[in-house]
Amino acid sequence: LLNRTLAGAFARWAEAAAEAQRHRVVVERVLLRMTRRVAVAAFNTWRGKAGDARRGRALLARCAVRFARRTIAAAFARWLESGGETRQQQEVAMKAFARIMNRSLAGALRAWVERWRESKRL
C-alpha cells in the first residue's frame with residue numbers, strides 16, 4: 001500500500017514536472033518570438049529611414065544638377081543674345097555648350113574612338 005501510494009505520488013510529480021517543462025518551452029518560444037518581433041520591427045524602421053535618407057540625398061543631388069544646368073543655360077542664353085552675332089557663331093557656341101554638358105559622354109566616345117583606331121592598327 002505504501003509503495004503504491006509512493007508510486008502514484010511519484011507518477012503525479014513526474015507528470016507535473018513534464019508539464020512544467022512543456023510550459024517552460026512554450027514560454028521560451030513566446031519570449032523568443034516577441035524578442036525577434038521587436039528586433040525585426042526595429043530593423044525595418046531603420047531600413048525605412050535609411051532608404052528615405054538615401055532617396056532624399058539622391059533627390060537633392062538631382063535638384064542641384066538641374067539648378068546648375070539651368071543657371072548655365074540661362075547664362076549661355078544671355079551670352080548668345082548679347083554676343084553671338086552670326087548664325088555660325090551661335091552654332092559653334094551651341095556645339096561647345098553641348099560638349100561641356102556632355103563631357104563624360106564625349107570622353108567616353110573619344111576613348112572608344114582611340115581604342116578603335118588602335119585595333120585597326122593591329
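This is a predicted model: local features need pLDDT of at least 70, side-chain atom pairs count only at pLDDT 80 or more; totals for chains, interfaces and linings use all residues.
1. Val26, Val27, Val30, Leu31 and Met34 make up a nonpolar patch on the surface, and their accessible area together is about 420 Å². Val26 belongs to helix H1, which covers residues 2-83. The relative accessible area of Val26 is 47%, so this residue is partly exposed; the exposed class begins only over 50%.

2. Salt bridges come next. A search of the whole structure returns 3 of them. They pair Glu19 with Arg22, Arg55 with Asp52, and Glu114 with Arg121.

3. In the salt bridge between Glu19 and Arg22, the closest N and O atoms are 2.4 Å apart. Both residues lie in helix H1, with a spacing of 3 residues, or about one turn of the helix. Glu19 is partly exposed at 33% relative accessibility. Arg22 is also partly exposed, its relative accessible area being 45%.

4. Arg55 and Asp52 form a salt bridge in which the closest N and O atoms are 2.5 Å apart. This pair, too, lies in helix H1, 3 residues apart, which is about one turn of the helix. Here the two partners fall into separate classes of accessibility. Arg55 has a relative accessible area of 52% and counts as exposed, because the cut-off for that class is over 50%. Asp52, at 46% relative accessibility, is partly exposed.

5. The salt bridge between the side chains of Glu114 and Arg121 has an N to O distance of 3.6 Å. That distance qualifies because a salt bridge requires the nitrogen to be within 4 Å of the carboxyl oxygen. Glu114 is partly exposed, with 36% relative accessibility. Arg121 is exposed, with 62%. Arg121 is also the residue at which helix H3 (residues 103-121) ends.

6. Helix H2 spans residues 87-101 and packs against helix H3, residues 103-121, at an angle of about 85°. The axes of the two helices are 4 Å apart. H2 is therefore roughly perpendicular to H3, since angles of 65 to 115 degrees are placed in that class.

7. The contacts between these two helices involve residues from each side. H2 contributes Arg99, Ile100 and Met101. On the H3 side, the residues met are Arg103, Ala106 and Arg110.

8. Leu59 is partly exposed, with a relative accessible area of 43%.

9. The other separation concerns Gly107, which is found in helix H3. Gly107 has a relative accessible area of 26% and is partly exposed; to be classed as buried, a residue must be under 20%.

Conventions
Residues are numbered from 1 along each chain as its sequence is written. Side-chain values use heavy atoms; hydrogens and water are left out. Patches are made of residues with over 30% relative accessible area and no salt bridge: like charges are joined within 9 Å, nonpolar side chains (Val, Leu, Ile, Met, Phe, Trp, Tyr) within 5 Å. Accessible areas come from the Shrake-Rupley method with a 1.4 Å probe; for residues, only the protein chains shown count as cover. Buried means under 20% relative accessible area, exposed over 50%, partly exposed in between (1.4 Å probe, protein chains only). Axes are lines fitted to C-alpha atoms, for helices over the stretch in contact, and angles run from 0 to 180 degrees between N-to-C directions. Angles under 35 degrees count as roughly parallel, over 145 as roughly antiparallel, 65 to 115 as roughly perpendicular and the rest as oblique. Contact means heavy atoms within 4.5 Å.
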